[in-house]
Amino acid sequence: MKIVILSALAVHDRLIVMEIINNFSNVTLVHLLTASKEGKELGVVTGANKLGKKILRKLSNLRIGKHFYPLEYAALNCDKIQFSAMEINTDKGEDFIQSLSPDVLFTVQAPLLKEAIFRIPKLAAINTHYGIAPQYRGNYTLFWAMYFQDYDHIGGCF
C-alpha cells in the first residue's frame, strides 16, 4: 500500500507524520512550502490573526518545537519531496499527486484541496484537523481554543 502525506510539517503536525512513517512502509512525505516575496521557501503559516502569527513566530524563534517533538527531516525513513503549497491545487499539483499513485492520501496541515485531488487515491483521502469543527476552523485551532479557555473544544477530527 502506497501512502502519501501532504504536510507543512509544523510543530504540532510532527506527531501524526512520525506515527504514519514509523508504522507503515512505502510512505512518501510531501513537504508543502510557501514562497515568500523574496522567493525564499518558508513553511505554511495561515489561519492566524496578527497576534496569533506574532506569538507563533516567537515560539518558533525560541525553538520550543525542538524540545516538544524533535523531527530530523533528513533522518526520516521515507521518500521526501518538497512541493509548493501555492501550486498544489493547480494542474501541475494534480499531475504531481497523480504521479505518486497513492492508495491513501493523508493531509496534515495542508491547504484546502480541490475535489479532483481527493479522487486520486485508490482507497481513501484522510484529512487531519486540530479543532472541533465548526467552532474552530483553519490552522492553529488548538491555540485559539486554549487562548479563549474553551477547553470543551480542544480536540481534533479526521
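Across the protein chain of this predicted model, pLDDT averages 79, and 74% of the residues come in at 70 or better, that is, at least 70. Where pLDDT is low, the predicted coordinates should not be read in detail.

The loop between α1 (14–23) and β2 (27–35) holds F24, and N26 is found in that loop too. With a relative accessibility of 38%, F24 counts as partly exposed. Together with M1 and L123, F24 makes up a nonpolar surface patch of about 330 Å². N26 is also partly exposed, at 43% relative accessibility, and its phi is positive, near 60°.

Another positive phi turns up at Q149, near 55° in a residue other than glycine. Q149 lies in the loop between α6 (141–147) and β7 (156–157); its relative accessibility is 59%, so Q149 counts as exposed. As background to both cases, most residues other than glycine have a negative phi.

As for strand β4 (residues 79–84), S84 is part of it. The relative accessible area of S84 is 17%, which is under 20%, so this serine counts as buried. From there, the S84 side chain reaches the backbone nitrogen of M86 at 3.2 Å.

How values were computed:
Residues numbered from 1 in each chain as written. Predicted model: local features only at pLDDT ≥ 70, side-chain atom pairs only at ≥ 80, totals over all residues. Heavy atoms only, no water. Patch = residues over 30% accessible without salt bridge, like charges linked within 9 Å, V, L, I, M, F, W, Y side chains within 5 Å. Areas by Shrake-Rupley, 256 points an atom, 1.4 Å probe, with all protein chains shown as cover. Salt bridge = Lys/Arg side-chain N within 4 Å of Asp/Glu carboxyl O. Helix = DSSP H or I, 4+ residues; strand = E, 2+ residues; numbered from the N terminus. Buried < 20%, exposed > 50% of the residue type's maximum accessible area, 1.4 Å probe, protein only. pLDDT = per-residue confidence, 0-100. Polar contact = N/O pair within 3.5 Å; in protein donor to acceptor, adjacent residues only side chain to side chain.
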